[in-house]
Amino acid sequence: MADTTSMPNFSRPNRRQFLMGAAALPAAPRLLAAPPPAAPARSYSEELPDMLLAYMAKKINALAARWDRARSEIRTPVEMEARNRFVRQKCIEMLRGLPERNPLGAVVVKVTEREGYRIENVMYQSRPDFWVTGNLYVPTSGSGPFPAILSPCGHYDTARMFPTFQFAYLDLVKSGFVVLAYDPIGQGERRQFWNPETGRNEIGGPVTWEHDMPGQLLLLIGEDLTQYRIWDGMRGIDYLLTRPEVDAKRIGCTGHSGGGTFTLFISALDERITCAAVHEGGTHKRWPLEIHPGMSIGTGDVEQHFWPAAVYGVDLVDLHIAIAPRPLLATIENYSAGFDNAASQIRERYRLLGVPEKFSTEQATDPHAWTMKLRLATTQWFSRWFYNRPGLEREPDWKLEALETLYCTPDGSIHYSHTGDTIYSRILKKQAALPPRRVRTAAQMRDEIRSLLHYQKSDHPLAARLLVSTPRHGYRIEKVQFLSEPGIYIPAWVFLPERAAGGPSILYVHEAGKEADGLEFGPLEQLAQKGRRVVSVDVRGIGETRPPHPGDAGSGLFRNLDDADSALAYWAWEIDESLFGMRVQDVVRSVDYVLSRPGAGSGVQVIGKGMGALWSLYAAALDPRIESVICEGGLLSYRSLTSVDRYLHSANIFIPNVLTHFDLPQVAAAVAARPLALVSPVDAMKAPVSVLAAREAYEPARQAYAQAAADRFRIVSRDPTLEAAEQYLALL
């Protein structure tokens, strides 16, 4: 018989023995049991594919349909003229009005005599000490005064000096027209980043970056590059009217590409233009938006917009029609369904006004350029309406002028050669006095924030769905989705520790989405393993819901200027909404979700990184349920952008007019007296700023906290000796 005295007893204890033994053991940590297996819910991604674009398109297209119905009611010339007045009025409103006229102070820098014409290198001030460079082509044969043509330039570095443009001006001047060709801001001799000493553009990329870089900054200070560009052209008309060679009743306008767009804008708004030719400059409808796989997301340069035009139904076709009954030629590379549809609508309105012959179209049957075919069409159009005669049938063999011959400045750069204002010096002067210093209550500050962000908190049911539960080391992740509002869902990962340490749940908002720090060995795992419950989310258009479409961004360091997210911000502005505000709303709705979970308590701690730092800061200012917030790697302030001439932040964090109301330090002040920590804020080029500089910038927030809880406001650098989770827990 085997000896069993030393063997363990595997017999089952009775109930009394079990309870006695359990009472002798120390209390075990509270465990969060895994839920029983359940069939996975259907993902919202199946119901809401291409979510953000579909959401935007639905709103824009509803407005477009409404205005299409309103246009269909226009049946008489009187109603048509009233609509055109409405379009002009709303456009000027959207431009924030027009400046007062100042003395032009025009100068002729140089005169070049040629056979049958001369070229004057001229400069005038469209605003005080803000100089426009140009060339005036004047016929020297024939009897004046002559019709005059204003010519905004398209997107070419050398602007008015570009070869095809020079040929167009020569065709016109030799046909008996005075021509004023002028440089746009950021092109020709008005380039901001051209260094004549090195012969290089300092920021690289397409010429449109010279528009977008200052144009987006102007929005922050309550101004508009579209207004600047249109006003430069209107002041060009003023200059033409000072010239004795010009017939004031015969002023035309023409340009190609971006110059075609501004021909459209200037001619629609300034009725001194009596004839126009828009070359490949936007003869199509922007709305309705049609979303299809593989499409790129882009809406053109910042200065090619009137915001919020969709609210007023002012589409590009409306601007063409606003030129009626004045003669209008519209051209395109090749006829297409979009162009033909727009042209048909424009032609119908000219017919309604009884002048169908005053609208015409032409196709280049060539790639995008002011080709010889279109140059000849230009002279023929203006010759027909200003001289009642045929124009050139064949283009002569013109000789191009050297750039130096056409310069108004010694080295071809007003930025380097002239003492007047640049667009950046004007921004610097205005932003120096912004934001305005005024005392607000917390409630007043919240109201201002809501107004600028067009913020409307949704009370729609969250309708949360659990997709899957994934075990990890010491915790599990529930992968869930919930609704921010109808048509918008938020994917989230919920980190549930096996041993909960207590404390409020943490909401984690990263600019790159929930997975950026959510993988194994990352900071969210560290927090979960320390017993903290964390919910990491993708706000709309970020991470999992990022639109599957490329942007129109060029390659290079500053592709942030026209990436897909910037285009989406523009789309939101079209409908008088804010992509940034929508994402702040998503953070607040994420707070709703966190607090809806069993045992969540009544408050949430929030950590935001990158752009997420800004979304989280605004959410905390609006929502007192956020008990504390950490903003890591976020933009220092909007003034840190407007104080420089280049930056790496996308327009998706821009808020039009914001600096005329407040800056980020004032938003931080609205969080007082809850704990707020700024960790390694960054400057315009996304480089960390010193703690000293950050403290100086955030003096308004420090003062607000000093009245309540000074120790709850901290500005620190990222501590490389600590795990991210350790530093977060110390700051929360």
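Predicted model: local features only at pLDDT ≥ 70, side-chain atom pairs only at ≥ 80, totals over all residues.

Author: What follows begins with the helix pair and then turns to individual residues.

Helix H7, spanning residues 225-242, and helix H8, spanning residues 258-269, have axes that come within 10 Å and cross at roughly 65°. Since an angle of 65 to 115 degrees counts as roughly perpendicular, H7 is roughly perpendicular to H8, and the crossing by which H7 passes H8 is right-handed. On the H7 side the contact is made by Thr 226, Arg 229, Ile 230, Gly 233, Met 234 and Ile 237, which meet Phe 262, Phe 265, Ile 266 and Leu 269 of H8. Sorted by class, this contact holds seven nonpolar, two polar and one charged residues.

Two glutamates deserve attention next. Glu 120 sits in strand S2, residues 117-127, and counts as buried because its relative accessibility is 5%, where the cut-off for buried is under 20%. Its side chain makes a polar contact of 2.7 Å with the side chain of Arg 243, and, leaving aside residues up to four places away in sequence, Glu 120 also touches others, including Val 108, Lys 110, Leu 136 and Tyr 239.

Glu 525 belongs to helix H17, residues 523-529, and is likewise buried, with a relative accessibility of 5%. The side chains of Glu 525 and Tyr 475 are joined by a polar contact of 2.7 Å, and Tyr 475 is one of the residues that Glu 525 touches beyond four places in sequence, with Arg 472, Phe 495, Leu 519 and Glu 520 also among them. Glu 525 lies 9.8 Å from Ile 477, C-alpha to C-alpha, although the two are 48 residues apart in sequence.

The backbone spots come last. Most residues other than glycine have a negative phi, and most peptide bonds are trans. Against that background, the bond from Trp 287 to Pro 288 is cis, with omega near 5°, and Pro 288 is found in the loop between strand S9 and helix H9. Ala 324 and Pro 325 are also joined by a cis peptide bond, with omega about 10°, Pro 325 being placed in the loop between helix H10 and strand S10.

Ala 463, in the loop between helix H16 and strand S12, has a positive phi of about 50° and counts as partly exposed at 37% relative accessibility. Phe 521, in the loop between strand S15 and H17, has a positive phi near 75° and is exposed, with a relative accessible area of 69%.

Conventions
Residues numbered from 1 in each chain as written. Heavy atoms only, no water. Axes fitted to C-alpha atoms, helices over the stretch in contact; angles between N-to-C directions. Helix = DSSP H or I, 4+ residues; strand = E, 2+ residues; numbered from the N terminus. Parallel < 35°, antiparallel > 145°, perpendicular 65-115°, else oblique. Left-handed = near helix turned anticlockwise from the far one by under 90°. Contact = heavy atoms within 4.5 Å. Nonpolar A, V, L, I, M, F, W, Y, C, P; charged D, E, K, R; others polar. Buried < 20%, exposed > 50% of the residue type's maximum accessible area, 1.4 Å probe, protein only. Polar contact = N/O pair within 3.5 Å; in protein donor to acceptor, adjacent residues only side chain to side chain.
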